[in-house]
Amino acid sequence: MTFASFIKNAAAGKDFYLGLFLAVWTSVFIVKKIPDSLTPGEVGRSYKDFFVGLFLALSSNAFIGSSFIIKKKGLLRVQVSSSTRAGEGGYAYLREKLWWAGFLMMAFGEGANFAAYMFAPATLVTPLGALSVLVAAALASRILKEHLNILGKVGCLLCMAGSLIIIIHSPKEGEVATMEDLAQKLLEPGFIAYTCAVLCISAVLMFYVAPRYGQRNVLIYVTICSLFGSLSVMGCKGIGIALKQTIEGRNQFTNWLTYAFIVAVGACIAVQMNYLNRALDVFNTSIVSPIYYVFFTTFTIIASAILFNEWQHLGGFDIVGNFFGFVTIIGAIFLLHAFKDMKMSLKNISAMVRSEHELLLIADPPLARSSSTSEEARATVGGVGSEDGALLQAGSGSDDISIISSASR
């Protein structure tokens, strides 16, 4: 199959196979390239741990990407049953078994992703998170019959490219070994200011912006669940440290901070799931998934960098990389959101060009004939198999003009 025919099949609606191809290609690319960039300490890991982590990362993203589709199917069932939709503030989906299946799949996927960091380096696990977007897009096309237009597909790929640029240039995660060290970092002004900013911004979005514009703008619901998601990740890190110390013989379940983390994570996940369900109920999965991945990853990197004071170790090259990553993401989100209702593909783009030429012919026939003549002349200059084109290459000056005229006639 030639590249042109592959693009033609993708434009004809075979988005599932296109997404599957991209997912497999991305996996192979990362597996081949990432190990070459590992630090000497990371290279020392055993191959067994490396491939266990790789398997956990791949399986986690397959579960997370699939969970979006299953939860969406559950939400669609709620719509059919005439219950109050999640997008309207209803919670009838909590009685839907299919939604719970999707929720458990997402929980299992996040757990596998958390475990992958214990075996494989973060430089491998984190970029693989983009595969969940491809899995969701492929399954949404196949199962939910949701199709992105050509600009949406470009925006989806740019979302992942921009987020990967930010991940590559983000500061490396600081090491915190004990709950005492983490407690000190939680009380630092930077993280307190970030937490207050998240709560204030979320309150404004939840109680003022979302009731008015949430049904029309996908960024509102996704921003709320991503902000709370960044705090939930910090809480999960705290729970992980508590479990690690407990396994090592220093019981942390007598520490009130462990229970504070558990309550905070539970509350953040509840808000996160509520507004993610609203976004999935109102908008297409193929739009929600990439934007959610970008926002969640970005806010998590920012929260982690503030908590562990990582920005002070960021060099000029990484600052420039983060800037261009954000610019790429902004352009990608604009493509995804601004043109989401347009039916545009490679086929109808050529049809639009033809119709524009026909309108030009009706409005201004001399200009249209002039445009057509110049196009034929360019084709003749390129030597598209005509005898006049061969003569033109041999001619010069005024002879060229006469040859072009005879070719156009």
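**A chain of helices, in questions and answers**

Of the chain's 409 residues, 42% count as buried, meaning under 20% relative accessible area, with exposed over 50% and partly exposed in between (1.4 Å probe, protein chains only). This is a predicted model, where local features need pLDDT of at least 70, side-chain atom pairs count only at pLDDT 80 or more, and totals for chains, interfaces and linings use all residues. Residues are numbered from 1 along each chain as its sequence is written, and side-chain values use heavy atoms, with hydrogens and water left out.

Trainee: How many helices and strands does the secondary structure of the chain come to?

Mentor: Helices (H or I, at least four residues) and strands (E, at least two) are DSSP runs, numbered from the N terminus. For this chain the tally is 18 helices and zero strands.

Trainee: Are helix α8 and helix α13 roughly parallel or roughly antiparallel?

Mentor: Axes are lines fitted to C-alpha atoms, for helices over the stretch in contact, and angles run from 0 to 180 degrees between N-to-C directions. The axes of α8 (residues 150-169) and α13 (residues 285-307) come within 9 Å and cross at roughly 15 degrees. Angles under 35 degrees count as roughly parallel, over 145 as roughly antiparallel, 65 to 115 as roughly perpendicular and the rest as oblique. Therefore α8 and α13 are roughly parallel.

Trainee: In the contact of α8 with α13, how many residues are nonpolar, polar and charged?

Mentor: Contact means heavy atoms within 4.5 Å. Here it is made by Cys156, Cys159, Ser163, Leu164, Ile166 and Ile167 of α8 and Pro290, Tyr293, Val294, Thr297, Thr298 and Ile301 of α13. Ala, Val, Leu, Ile, Met, Phe, Trp, Tyr, Cys and Pro count as nonpolar, Asp, Glu, Lys and Arg as charged, and the others, Gly among them, as polar. By class, that gives nine nonpolar, three polar and no charged residues.

Trainee: Is glutamine 245 buried or exposed?

Mentor: Find glutamine 245 in helix α11 (residues 218-247). Leaving aside neighbours within four places in sequence, glutamine 245 is in contact with Ala177, Thr178, Met179, Glu180, Arg250 and Gln252. Because its relative accessible area is 2%, glutamine 245 is buried.

Trainee: How far apart in space are cysteine 225 and asparagine 274?

Mentor: Cysteine 225 is also placed in helix α11, and at 0% relative accessibility it counts as buried. Not counting residues up to four places away in sequence, cysteine 225 touches Gln272, Tyr275, Leu276 and Tyr292. Cysteine 225 and asparagine 274 are 49 residues apart in sequence, and their C-alpha to C-alpha distance is 7.9 Å.
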